[in-house]
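Let's walk through this one together, from the overall picture down to single side chains. Keep the viewer open as you read.

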Amino acid sequence: MNQKNTKRNIDSFLLYVFSFLLLWEWLRPVEQLTGTSSINIFLGFIFGSLLLAFLGLPLVPTVVLKLIYILLTIQYIYFENVDTWIDLFLKDFFQNAGSILKGQWTEMSDSFRTLLFFALLWITTYLLRYWLIDRKNILFFFLATLIFITVLDAFSPYEADAAIIRSVLTGFAMMGILTFRRLADSENIQKNSRIKRKWMFSLAAVIAGSAVTAFAVPKADPVWPNPVPFLKSLSGSGNTAVNETKRSGLRSDDSELGGPFLPANMVVFTAEVEEPHYWKVDTRDVYTGKGWISSSRDGQPLNFRRNVPSSLFSFTEKVPSEERTSIVYNEEDHAHIQYPHGLQRIDATSSYRYQLNQQTNGITALNGAEQEAPASYSVQYEHPSFQAKDLEASSPEKADRSFQAIADTYTQLPENVPPEIRELALDITRGQETWFDKAKAVEAYFSSSGFAYEQVDVPVPSEDEDYVAQFLFDTKRGYCDNFSTSMAVLLRTLDIPTRWVKGYTEGTYLETNEAENKIYQVTSENAHSWVEVYFPNIGWVPFEPTQGFTNEDVPELEETTETLVEEETTENIETPVETPEQPVAAEPEPEEEVNDASQEAPQPNVGLFLKTNWKNIVVLVAAVFVMAALSHRSRRKWLPFYYIFIYKRDRQDHHFPKAYLVLLTQLERCGLKRKAGQTLREYAKEIDLLFSSSSMTQLTGWYEQYLYRGSLPKGTWENARNEWESLMKKTR
């Protein structure tokens, strides 16, 4: 921090004191909500930083003193051995830096979090000095303080009544002093004159009077409803249960379904596919009346490297299929592998191995001993083409020996399931003879009987109410969980083996690459659930009962389903099941993979995560906010290099028009705005005159050629790139 020409007078001293008090208000909740016992150490750092700024100490001594304070503090708190603490600290630093690069924010050690918190405080005190001395405006930080403590007062146990009063009084005092400074500079008022004293006394009187009035006047009751119960419901608590949606959009606990579906719209992964398809994560086999659970949670998982064990059974060799490959690029690390129906093989780096939960068919990725999804991986699978005639011919009378175990597992229903559900199933399937016809009748029922797709206004069943019965006979509104669970239960009342599947739809189409593969983006909003029905001697067949969703893999009632048609909503579903009679797969290299401690990747509870990592989240969000503000302020200087880096790798001519528009925006950002009615050629000549070049005119000529002809000569971008880069650099 460069403290040149800092004037030390009484009002400057008061400004720094008030700044310290405002920063203190940010640390008080940290002390109360997180149980941090060393908060005075951070207060000492803030006090010292502001004192150094007030005294105007040169930059180098200031940096040295702060670093010494930070290192001694970390040594005092975390490293008892004085002789070796430097080596331990450096090792810890580089390990945590690696975790950050991998996106493993929760793996940071306490000492590294403390270091980051000190860095945040350092940046904040620097910004405070900038706002106080250079800008003479503290409004932004004042409002941020009020928003921070009022939000905590509303949504946490922190009582901020006194904090709000203290912050308002402190902020008004600072704004009053800074306002006088701005007026003094603009009007040439002597800062040591009587006018200054009158201003300060008037300011103190106004603030004191406002505080007394605020305490004395009667207070109206709140007008807005309390949002806390609704927001608490987002983590699964409260009366209005909401899906426990992580950023992946998938809940970890499906035992109590119901309530709104409100995932954060986060990109989970991007996929490069030959044909769009559904992505499976796992299945459930036990319906409880409220939701789904797995009948066996403690089974030993199967370990494998690449080729999937045969127990991940999808369909038999009798089903016509084509071998295809899809590539996944993960944006979020949820440890699980998402995969299509008919999965055969997973290819990632050689360091990864995988565990198959034989009951849920969930696949967990392991990198060494850590659960970690690969940044990218490919899946090879058999794309099925289910034949309606074969499905209609399938019956339990023709089943093999393994069918009975499957039927016992996947026709389970609770004893207290309402009888009217079976009565409805019989009514829907009246006149249908085969399992396939019955399944199609139930699937079609949800599109023609007054049901509505709804994500927000979805009730939670009461304690004595069945989840499916509520949807079928009462509300008739819901999202995929309501539709898929209801279809599964209806079919089970008819003794048709059915399981509940969850994963993702194909996502949003982005583009088709040079290899003619389609690129899809899958977000948390694409989280989905559907149904798979078991047909003897065929295997598991997907069905899609949810309104507004279409799965091309679902067989239709026509005689055959030929080759799949390319459509943007094609969906493939993978639903492996444990087939008791099938061998566990002679898998290459499984012996070396066995790990007794390996189980299905646990899905972290969002509410618990937020509660235990609240301090870290606040620190990271604040740090990102500060860095974003600094980056935005200096964007005119760094954006040219960013765009040069982005477009430097592109050699195709269709990038030229985009690059030219970026140049126009950058020129406008620098104050060289194109006048109203001014043609591009006139504007280009003006720019070239300013920069003493002819680059802008040449670029504009190519751009006009693109506008009027709709195409560019081959090699245009190669020829124009140097001129474009030169102009971009000059705009700095």
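Two residues are in contact when they have heavy atoms within 4.5 Å of each other. Count the contacts in the chain between residues at least 6 apart in sequence, and 75% of them join residues at least 24 apart.

Before going further, some ground rules. This is a predicted model, where local features need pLDDT of at least 70 and side-chain atom pairs count only at pLDDT 80 or more, while totals for chains, interfaces and linings use all residues. Residues are numbered from 1 along each chain as its sequence is written, and side-chain values use heavy atoms, with hydrogens and water left out.

How confident is the predictor, then? pLDDT is its confidence in each residue, from 0 to 100. The chain has a mean pLDDT of 79, and 82% of its residues reach 70 or more. Over residues 232-246 pLDDT stays under 50, and the model has 45 contacts beyond four places in sequence for that stretch. Residues 559-606 also stay under 50, with 159 such contacts. Where pLDDT is low, the predicted coordinates should not be read in detail.

Now the architecture. Helices (H or I, at least four residues) and strands (E, at least two) are DSSP runs, numbered from the N terminus. On that basis the chain has 22 helices and 19 strands. For burial, buried means under 20% relative accessible area, exposed means over 50%, and partly exposed is in between, using a 1.4 Å probe and protein chains only. Of the 732 residues, 48% count as buried.

Which residues of α8 are buried? They are Lys196, Leu203, Ile207 and Ala211. An α-helix has 3.6 residues a turn, so residues three or four places apart point the same way.

Helix α14 (residues 467-475) is mostly covered, with seven of its nine residues buried. Those are Tyr467, Val468, Ala469, Gln470, Phe471, Leu472 and Thr475. The cover over them includes β3 (286-287), α12 (419-428), β14 (477-478) and α15 (480-493).

Val267 and Glu332 are 65 residues apart in sequence, yet their C-alphas are 7.5 Å apart in space. Leaving aside neighbours within four places in sequence, Val267 is in contact with Glu331, Glu332, Gln521, Val522 and Thr523. Val267 itself is partly exposed, at 26% relative accessible area.

On to the aromatics. Rings of Phe, Tyr and Trp (its six-membered ring) pair if their centres lie within 6.5 Å; planes under 30 degrees apart count as stacked, over 60 as edge-to-face and the rest as tilted. Searching the whole structure gives 45 aromatic pairs. In one of them, the ring centres of Tyr445 and Phe446 are 5.7 Å apart and the planes are at 70 degrees, so the pair is edge-to-face. Phe446 is buried at 0% relative accessible area, and Tyr445 is buried at 15%. Phe656 and Trp702 are also edge-to-face, at 6.4 Å centre to centre and 90 degrees between the planes. Because Phe656 lies in α19 (residues 656-669) and Trp702 in α21 (residues 695-709), this pair ties together parts that are 46 residues apart in sequence. Both Phe656 and Trp702 are buried. Elsewhere, ring pairs link Phe42, Phe45, Tyr69, Phe117, Phe118 and Trp122 into a cluster.

Some rings have a charge over them, counted if NZ of Lys or CZ of Arg is within 6 Å of the ring centre and within 35 degrees of the ring normal. Arg28 lies over the face of Trp24, 4.3 Å from the ring centre. The charged end of Arg499 sits over the ring of Trp540, at 4.0 Å from its centre.

Finally, the backbone. Most residues other than glycine have a negative phi, and most peptide bonds are trans. Ala335 has a positive phi, near 70 degrees, and its place is in the loop between β6 (321-330) and β7 (336-337). Ser692, also not a glycine, has a positive phi of about 55 degrees and lies in the loop between α20 (680-691) and α21. Buried or exposed? Ala335 is buried at 7% relative accessible area, whereas Ser692 counts as exposed at 69%.

Technical notes:
pLDDT is the predictor's confidence in each residue, from 0 to 100.
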